[in-house]
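The entries follow the order in which I consulted the structure.

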Amino acid sequence: MPYPIIPDTITVHLGRPNQNAPNVTVPFTDYIKNVASNEIYPTWPESAIRANILAQISYALNRVFTEYYRSRGYDFDVTNTT
């Protein structure tokens, strides 16, 4: 079975999609680490932490591979807003 393709980088818009804000391109793994550190509490059970990180990865990959924002005319993959 082929391995999933994980992008090396992801471009993050530092605001709401239609807001004038800078874009930054960061390593994909750094993006996930940053999201996880801001959404997960160390007191959670390990299974909850793992599930949350998998959800974050899945969400980011969905935005990249479906070109969710790019197909709408934006030049980024995800935003930093929830």
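**Entry 1: the largest pocket**

I began with the largest pocket, which holds about 470 Å³ of space. On a 1 Å grid over the protein atoms alone, a pocket is an open set of points where a 1.4 Å probe fits, with protein on both sides within 12 Å along at least five of seven lines; a set that the probe cannot get out of is a cavity, and lining residues have an atom within 4 Å of a point. Grid points are joined across faces, edges and corners, and the volume is the space filled by probe spheres set on the points. I noted that 20 residues line the largest pocket, and that Tyr31, Val35, Glu39, Thr79 and Asn80 are the closest to its centre. Two or more lining residues come from each of β2 (23-27), α1 (28-39), α2 (46-65) and β3 (78-79). Which element gives the largest share of the lining? I found that it is α1, with six residues.

**Entry 2: source of the model**

I recorded that this is a predicted model, in which local features need pLDDT of at least 70 and side-chain atom pairs count only at pLDDT 80 or more, while totals for chains, interfaces and linings use all residues. Residues are numbered from 1 along each chain as its sequence is written, and side-chain values use heavy atoms, with hydrogens and water left out.

**Entry 3: the chain as a whole**

I listed two helices and three strands in the chain, in the order β-β-α-α-β from the N terminus. Helices (H or I, at least four residues) and strands (E, at least two) are DSSP runs, numbered from the N terminus. Along the principal axes, the C-alpha atoms fill a box of roughly 40 × 35 × 20 Å. Of the 82 residues in the chain, 28% are buried; buried means under 20% relative accessible area, exposed over 50%, and partly exposed in between (1.4 Å probe, protein chains only). For contacts with a separation of 6 or more, I noted that 45% join residues 24 or more positions apart, where contact means heavy atoms within 4.5 Å.

**Entry 4: Val35**

I returned to Val35, one of the residues closest to the centre of the largest pocket. Val35 lies in helix α1. Is Val35 buried or exposed? Val35 counts as buried because its relative accessible area is 15%.

**Entry 5: Glu67 and Tyr68**

I then examined the loop between α2 and β3, where Glu67 and Tyr68 are found. Most residues other than glycine have a negative phi. Phi of Glu67, however, is near 50 degrees, a positive value. Glu67 is partly exposed, with a relative accessible area of 46%, and Tyr68 is also partly exposed, at 27%. Tyr68 and His13 are 55 residues apart in sequence and 13 Å apart in space, C-alpha to C-alpha.

**Entry 6: Thr82**

Lastly, I located Thr82 in the segment after β3. Thr82 counts as exposed because its relative accessible area is 96%. From C-alpha to C-alpha, Thr82 and Pro2 are 32 Å apart in space and 80 residues apart in sequence.
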